[in-house]
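Work through the exercises below with the sequence and the coordinates open. Each task is followed by a solution in steps.

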Amino acid sequence: AVLWGRRANATLLEWQEGEGVVTVTGEHDGYTFLDDPVVHRRSLTLDKRTGCVEILDVLACAGRHEARVSFHVAPGCDVTGADGEVRITRGNERLRIASSDGRFEVVAASDEGMTGWVADAYHRKSPGVSVFLIVDVDGDTEIRTSIEVEGTRGEA
């Protein structure tokens, strides 16, 4: 099966950098082939002081869709999800992914499907975990997600 039969056209729309914050915004047309075309615009804002990343996904469309914001987790990480957040842990390193705009689903790699597998090189895959934020969309929609670093290397 061909996974990448059609390539999306991506455009960098804006890059702003201040003393404590960096924001980058881009969009792509990868979903404009749908019966109800969707343009996906994403802004990422990094707070340099805290390491927190705020993600704003804007979906421009007229109809109803089920959107999935995907996060792929490397092998060796523990992933737990509850309500509007997911926690990813590896040793003393901890991340929290949170959103009030949908529901999280955590899927570990298995032989039955392609979800959850990660690759560190071409034609090489390892079992990992995929985290999906699933959002019911009805017309133009904004989805807000935050990624917060809760622990750092060297902490006891």
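**Exercise 1.** Determine how many disulfides the structure holds.

Solution. The model is a predicted one. The count of disulfides in this structure is 0. Cys52, for instance, takes part in no disulfide.

**Exercise 2.** Are Cys52 and Cys77 buried or exposed?

Solution. 
- Step 1: the limit for buried is under 20% relative accessible area.
- Step 2: Cys52 has a relative accessible area of 17%, so Cys52 is buried.
- Step 3: Cys77 has a relative accessibility of 18% and therefore counts as buried.

**Exercise 3.** Describe the sheet that contains S5, S12 and S9.

Solution. 
- Step 1: the sheet is open, has 3 strands in the order S5-S12-S9, and its pairing is antiparallel.
- Step 2: strand S5 (64–73) and strand S9 (103–108) are the edge strands, each pairing on one side only.
- Step 3: on average, neighbouring strands of this sheet are turned by 25° against each other, with direction ignored.

**Exercise 4.** Which residue in S12 is the bridge partner of Arg103?

Solution. 
- Step 1: strand S12 (residues 129–138) pairs with S9 in the antiparallel sense, over 6 bridges.
- Step 2: Arg103 has Ile134 of S12 as its bridge partner.

Conventions:
Residues are numbered from 1 along each chain as its sequence is written. This is a predicted model: local features need pLDDT of at least 70, side-chain atom pairs count only at pLDDT 80 or more; totals for chains, interfaces and linings use all residues. Side-chain values use heavy atoms; hydrogens and water are left out. Two strands pair if DSSP finds at least two bridges between them. Helices (H or I, at least four residues) and strands (E, at least two) are DSSP runs, numbered from the N terminus. Axes are lines fitted to C-alpha atoms, for helices over the stretch in contact, and angles run from 0 to 180 degrees between N-to-C directions. A disulfide is a pair of cysteine sulfur atoms within 2.5 Å. Buried means under 20% relative accessible area, exposed over 50%, partly exposed in between (1.4 Å probe, protein chains only).
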